[in-house]
Amino acid sequence: MHLDAKIPSGPLEKKWDRHRLEMKLVNPANKRKFDVIVVGSGLAGASAAATLGELGYKVQCFCFQDSPRRAHSIAAQGGINAAKNYQNDGDSIYRLFHDTIKGGDFRGREANTYRLAQLSVNIIDQCVAQGVPFAREYGGLLANRSFGGAQVSRTFYARGQTGQQLLVGAYQALCRQIAAGTVRMYPRTEMLNLVLVEDQAKGIVVRDLISGEITSHAADAVVLATGGYSNVFYLSTNARGCNVTAAYRAYKKGAAFANPCYTQIHPTCIPVSGEHQSKLTLMSESLRNDGRVWVSKKRGDKRQPHQIPEPERDYYLERKYPSFGNLAPRDISSRAAKEVCDEGRGVGPSGLGVYLDFADAIKRLSEDRIRERYGNLFEMYETITGENAYKTPMRIFPALHYTMGGLWVDYNLMSNLPGLFVLGEANFSDHGANRLGASALMQGLADGYFVLPYTIGNYFASTKPLKPAVSRPEFKAAEEETRNLTNRLLSIRGKRTTTSFHRELGKLLWDKCGMARNEAGLEEALKRIPALRQEFWENLTVTGENGEFNQALEYAGRVADYMEFAELLCTDALSRRESCGGHFRTEFQTDEGEARRDDENFSFVSAWEFQGVDKAPVLHKEPLVYEEVKMTQRSYK
Amino acid sequence: MNLCLKVWRQKYGKTPGAFREYRAKNVIPDMSFLEMLDVVNEDLAERGEDPIAFDSDCREGICGACSLVINGVPHGGHEGTATCQLHMRHFHDGQTIMIEPWRARAFPPVKDLVVDRSAFDRIIQAGGFVSVSTGGTPDANALPIPKVDQELAMDAAACIGCGACVAACKNASAMLFVSAKIGHLGLLPQGKVEKNRRALNMVEAMDAEGFGSCSVTGSCEAVCPKKINLSFISKMNGDYLLATLGF
């Protein structure tokens, strides 16, 4: 496998402009001759499908939800970053770029990250033009707030529903193209296989979730915008349907999977209440702008929060990181919460929680101002816990939230398989080992609106068009493979449900490959995962049949992939003998307990090549070369 | 607590359905309604019986996938709450709970509690957008928008497209959903340009899908998980009237 990142030459700030000039164009009249498959309809998928449709390509867009508007991007609460410098507080494209690279612990690709910061500016213009109702000041101009890990106010937001508003904007643009006939939408349709023709990605196999019918679709290029894999941990803040299947099945067809061990734990989620828990709910990190995080200084303190006087409280983020305080980056805040809980100072019935207290902010600003800023989040908290956070501090705990790893892509967002493009959370390229708050929405939209539409044209213009028919043997073989897998799942007729397997796998990963990892734990996980997988294939029970609407079957197929993917995740975590960003190895930490990077030996992207289910994958390294920034030890003190 | 559930089961969209009784045992007050159903389904799966099909995804009240009529009320009747955010602390031991799908001609059944809401997508396709393509847009701050207009537009834009408004309405009218989109876009200068065309096209699409008329009972507003205000319907009627008169 040869990994060429295809980073354009020249100074960092000129790379994208130069590349745009050098890329070949497809004649407007010829665009309709090219078919594109887009899988996923979140921010990246919907924006890409809509924009490609506007340009004149023939697009087929697939999503497993009943409507493209329900993709999980919708749940993002806090906001979207852009280097507009509307607040005149010293922001710039370069600063956003530098913050993102530094926040990613110098494990991101410099050129991609710089381009992301450049395009952030266009995204806001685009969204406003679509009618996204961003928050405004009384003068009618756009409002901003600062957000986790940033010292400038560059985050644009729409109450606590920024993801929803941006997604509705992209969805509306997509709907306009569906009406115009340039995009054909396939809701309730799940991609189950990738089809290669002459070693190029030229189609997919899908299952119609209503009829169960398995069919093929061919195109000149396949775009995956299928999100992240947090749900391999069973409990995460991701929607129930989020899964790794499309990305993982592409990996099994030869696409390299990069940095799977870079997983992000979000510091502000509502603590787990019991075994029945089906997912975790995130409270936007923007709450940390006005909330103060604390626990009691005493271990096992069972007093109610209001009974603990000020001198007996430990505002540990403010104490440890005086300049960033409660806004310290996500990985640092999460680990700090785990530490105080490990010390026996956690709060709430389970002891797995810390307080996020708004009393000071309410005193300073009034309850009404706080309600205006976070009203819906406080309501959500009350709905779930039955507690009023205006009166008593919230309880929060970290949870799996986002995955920086994903399919390997070059600067053009094309994987090592020609014709296969990967956008948004599903790729690996822009956030390094840790993503800053309000940057996921930015990346999804940058990829879909402003990067792919250019780079896919260059691909079409520089390769010989190949119009495969779905009757070709490659498609028939891929369909057969997919049907066999489905039949195999249905024919086990064992005793254990998919949920029970998924829960066991998730707990194993959370314990051994979660917030803190070490060699012994990872080796143990790597022994137990294959055993669990074997049991899965011998003792699983899936009800119903293939030829019907069968949610049990959909779920079983996704968990079957997790059973293999979990091993890849742990293999990557074991091989990266350093700590960086979301990947914290307890053996590699500074005297102060911070992540200790090893730039000399690990300044590379780990891209894994599939060899077979029970065979070790092969590691390929893409060296990370920093032409512009100087790698430093992250310090938020 | 222990509960008796009467759940609508319907194997295929075109086969007749019926209520079936299930016991939900050891329900914990902190469970969400859907987590309670997960536990029931887990029991059914272990016994090799077909689990109850229902839609859900984000489980935090924003994606709009969940869609249950609980004891006759869409989303269960707690103000501003979608089914996934309804918790079992609002029920009591020994209670019987009726669970049904959205029922409307324009939402054909798929299986059990799952219906086809693609009619909503088609209404948006008829005009629920601003006709701008990617690129070439002016600076985001080039056009100041009064905060009150933006806030009101945001109230309308909060709609999650779940369809509870249709399920609650005795006429299965989609007026609240359609008026929320028309309100959201029509209140902002970016969307005002196409206000008339949008109102005409979306209302026409709504009628073509087989949704009923509005008789202003307000049942839609009462069940809306995002508390979309009835006043958007009168605004839509105004837009539509002016559009038909050619203003």
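Visitor: Does Lys15(A) count as buried or exposed?
Guide: This is a predicted model. The cut-off for buried is under 20% relative accessible area. Lys15(A) has 2% relative accessibility, so it counts as buried.

Visitor: Which residue meets the side chain of Lys15(A) in a salt bridge?
Guide: Side chains of opposite charge can pair when their charged atoms come close. Here the N to O distance is 3.3 Å. The partner of Lys15(A) is Glu627(A).

Visitor: How many residues apart in sequence are the parts that this pair ties together?
Guide: Lys15(A) sits in helix H1, residues 15–22. Glu627(A) belongs to the segment after strand E21, 618–623. The pair therefore ties together parts whose separation in sequence is 612 residues.

Visitor: Is Glu627(A) buried or exposed?
Guide: Exposed means over 50% relative accessible area. Glu627(A) has 54%, so it is exposed.

Visitor: What is the N to O distance in the salt bridge of Glu312(A) and Arg303(A)?
Guide: Glu312(A) is partly exposed, at 30% relative accessible area. Arg303(A) is also partly exposed, at 25%. Their side chains meet with an N to O distance of 2.6 Å.

Visitor: Which helix holds Glu535(A), the salt-bridge partner of Arg496(A)?
Guide: The side chains of Glu535(A) and Arg496(A) meet at 3.2 Å, N to O. The pair links distant parts of the chain, 39 residues apart. Arg496(A) lies in strand E18, residues 496–497, and Glu535(A) in helix H15.

Visitor: Which residues do salt bridges that share partners join into one network?
Guide: Over all chains the count comes to 75 salt bridges. The network joins Asp105(A), Arg107(A), Arg576(A), Glu578(A), Arg597(A) and Asp599(A).

Visitor: How far apart are the mean positions of the positive and negative charges of chain A?
Guide: Chain A has 81 positive and 75 negative charges. Their mean positions are apart by 2 Å.

Visitor: What radius of gyration does chain A have?
Guide: Chain A has 637 residues, so a compact globule would have a value near 26 Å. The model agrees with that, at 24 Å.

Visitor: What percentage of the residues of chain A count as buried?
Guide: Chain A has 17 helices and 21 strands. It exposes about 21200 Å². Of its 637 residues, the buried share is 68%.

Conventions. Residues numbered from 1 in each chain as written. Chains lettered and ligands numbered in written order. Predicted model: local features only at pLDDT ≥ 70, side-chain atom pairs only at ≥ 80, totals over all residues. Heavy atoms only, no water. Helix = DSSP H or I, 4+ residues; strand = E, 2+ residues; numbered from the N terminus. Rg over C-alpha atoms; globule rule 2.2 N^0.38 Å. Buried < 20%, exposed > 50% of the residue type's maximum accessible area, 1.4 Å probe, protein only. Areas by Shrake-Rupley, 256 points an atom, 1.4 Å probe, with all protein chains shown as cover. Lys, Arg positive; Asp, Glu negative; His and termini not counted. Charge placed at Lys NZ, Arg CZ, Asp CG, Glu CD. Salt bridge = Lys/Arg side-chain N within 4 Å of Asp/Glu carboxyl O.
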